[in-house]
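Subject: Structure for you to look over

Hello,

The structure we spoke about is below, with notes on what was found in it. Please read them with the model open.

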Amino acid sequence: MSNVIVELKHVYKRYGDTEVLKDINIEIEQGKFYTLLGPSGSGKTTILRAIAGFLDVSEGEVFFNGEKINDVPANKRRVNTVFQDYALFPHMNVLDNVAYGLRIQKRPKAEIKERVDNALKMVRLSGYENREISELSGGQQQRVAIARAIVLEPEVLLLDEPLSALDAKLRKDMQYELRELQQRLGITFLFVTHDQEEALALSDEIFVMSDGEVQQSGTPVDIYDEPINHFVADFIGESNIVSGHMVKDFVVEFNGKEFECADAGMRPNEPVEVVLRPEDLDITTVGEGKVTVDVDTQLFRGDYYEIVAYDDAKNEWLIHSVNPAKDGDRVDLTFDPEDIHVMRLNESEEDFDARLESYEGE
Ligand SMILES: Nc1ncnc2c1ncn2[C@@H]1O[C@H](COP(=O)(O)OP(=O)(O)OP(=O)(O)O)[C@@H](O)[C@H]1O
């Protein structure tokens with residue numbers, strides 16, 4: 001039996017002439033942590049609202065447990081949303097905030113008490129029932145917002161940038177808590193963020209969005225190691241991206257030289273882009289490496305040196321080196337064939353997946 005709980009098929013959203021969602025196709029399985037990741041305005045919140053039922057899609061279908069729900073009103077959908085600003089009722093205490101939805105549903109008092117107790121226990125706020133919202137820290141307010149959502153036992157919890165109002169330290173703590181909570185509850189989470197580190201750390205699967213489209217979907221490791229295009233390579237982690245040509249399977253040319261690589265399935269001599277992650281580069285003396293560069297600046301980052309250097313064609317290279325360099329040094333870069341990641345220009349995700357499957361594991 002399929003585990004898919006939410007599915008969007010060929011979903012479009014238009015406001016007048018502006019298309020803010022373009023042919024969105026996503027499948028969300030039960031019990032996993034999913035993230036919609038993308039820059040501001042890429043359409044993340046619009047997808048959440050389409051699933052929650054707060055907006056009508058212009059075209060396409062939304063399914064929940066295999067049933068089309070385009071016409072099902074928001075309050076009849078088994079999803080709940082935690083908003084960026086938590087949308088708590090400031091004049092009510094914690095108990096009343098969490099119990100609110102159950103009271104609207106006119107549940108018996110005893111049931112409300114039990115479910116609120118349980119929800120507060122889950123988010124580790126037992127004993128806070130009578131506190132006013134204004135007496136809580138940002139992280140505690142965030143947990144009340146989650147308790148208020150999970151008390152209604154949704155099958156899917158939608159979280160719209162719920163950590164963005166928190167300071168850096170609390171944000172990190174809450175990341176651990178959210179991940180742990182999701183695993184404990186076993187509820188499907190669909191989380192929205194523009195923070196790539198947060199997405200990589202929390203998710204089972206990520207949908208990378210830009211300009212109303214899903215650019216790539218996959219596990220954090222897949223997306224980091226095998227970005228599909230320039231946008232994804234640039235947005236997720238740090239990257240050196242250079243233009244080149246695919247000479248033949250497993251041989252790519254850039255910076256005027258041919259290099260052995262781990263990619264295949266392109267046309268001979270096809271123009272490509274090559275990604276090299278800074279942490280996969282190191283420096284050595286000229287003549288012993290693969291690309292010669294002049295060091296421009298260096299910063300000590302504790303466990304590595306962050307070096308910015310330029311090759312003879314004036315391309316910038318970012319290097320996380322275990323070895324120090326000096327400004328003005330001329331050095332060679334070293335990297336392994338498997339650290340070269342070659343991207344075709346304008347390859348669809350379907351073709352990309354099929355190509356990878358055709359040669360990986362050979
Ligand atoms: N009611 C509306 N009318 C017109 N355009 C809208 C409307 N709502 C959203 N948009 C546009 O749709 C695009 C996507 O918005 P959306 O809120 O989904 O982006 P987002 O990725 O969630 O961004 P952010 O991270 O800033 O919240 C934006 O360009 C936005 O201006």
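The domain bounds used here come from an automatic or database domain assignment. On that basis the protein chain is divided into domain 1 (4-225) and domain 2 (230-359). Please keep in mind that this is a predicted model.

Overall layout

The protein chain has nine helices and 20 strands. Its C-alpha trace spans about 80 × 45 × 40 Å along the principal axes. Of its 362 residues, 35% count as buried. Among contacts between residues at least 6 apart in sequence, 66% join residues at least 24 apart.

The centres of domain 1 and domain 2, taken over C-alpha atoms, are separated by 37 Å. Seven residues from domain 1 and six residues from domain 2 make up the contact. On the side of domain 1 that touches domain 2, the elements giving two or more residues are strand E9 (205-210), strand E10 (213-218) and helix H7 (220-225). The residues of that side divide into three nonpolar, four polar and no charged.

The ligand shell and H1

Which residues surround the ligand? They are Tyr15, Thr18, Val20, Gly38, Ser40, Gly41, Ser42, Gly43, Lys44, Thr45, Thr46 and His194. Strand E2 (18-29) and helix H1 (44-52) are the elements that give two or more residues to this shell. H1 gives the most, with three residues. By class, the shell has two nonpolar, nine polar and one charged residues.

H1 is largely enclosed by the rest of the structure, because seven of its nine residues are buried. The buried ones are Lys44, Thr45, Thr46, Ile47, Leu48, Ala50 and Ile51. After H1 comes Gly53, which has a positive phi near 95 degrees.

With strand E6 (residues 79-82) the pairing is parallel over four bridges, and Thr81 stands opposite Leu158. With strand E8 (residues 188-193) the pairing is parallel over five bridges, and Phe191 in E8 is the bridge partner of Leu159.

The antiparallel sheet

Another sheet is open and is formed by five strands in the order E15-E19-E16-E17-E18, with antiparallel pairing. Strand E15 (282-284) and strand E18 (316-321) are the edge strands, each pairing on one side only. On average, neighbouring strands of this sheet are turned by 50 degrees against each other, direction ignored. Within the sheet, strand E16 (residues 291-300) and strand E17 (residues 305-311) pair in the antiparallel sense over seven bridges. Asp294 stands opposite Tyr310 in E17.

Leu281 lies in the loop between strand E14 (270-276) and E15. Is Leu281 buried or exposed? The cut-off for buried is 20 or more other C-beta atoms within 10 Å. Leu281 has 23 C-beta neighbours inside 10 Å and therefore counts as buried. Not counting residues up to four places away in sequence, Leu281 touches Leu276, Ile319, Leu333 and Phe335. Leu281 and His320 are 39 residues apart in sequence, yet 6.6 Å apart in space, C-alpha to C-alpha.

Backbone points to check

Most residues other than glycine have a negative phi. Glu153 has a phi near 50 degrees and lies in the loop between helix H4 (138-150) and strand E7 (156-160). Asp211 has a positive phi of about 55 degrees, and its place is in the loop between E9 and E10.

How exposed are they? Glu153 counts as partly exposed because it has 14 C-beta neighbours inside 10 Å. Asp211, with 14 C-beta neighbours inside 10 Å, counts as partly exposed too.

Regards

How values were computed
Residues numbered from 1 in each chain as written. Predicted model: local features only at pLDDT ≥ 70, side-chain atom pairs only at ≥ 80, totals over all residues. Near = placed C-beta within 6 Å. Nonpolar A, V, L, I, M, F, W, Y, C, P; charged D, E, K, R; others polar. Pairing = 2+ DSSP bridges. Axes fitted to C-alpha atoms, helices over the stretch in contact; angles between N-to-C directions. Contact = placed C-beta atoms within 7 Å. Buried ≥ 20, exposed ≤ 12 C-beta atoms within 10 Å, placed from the backbone.
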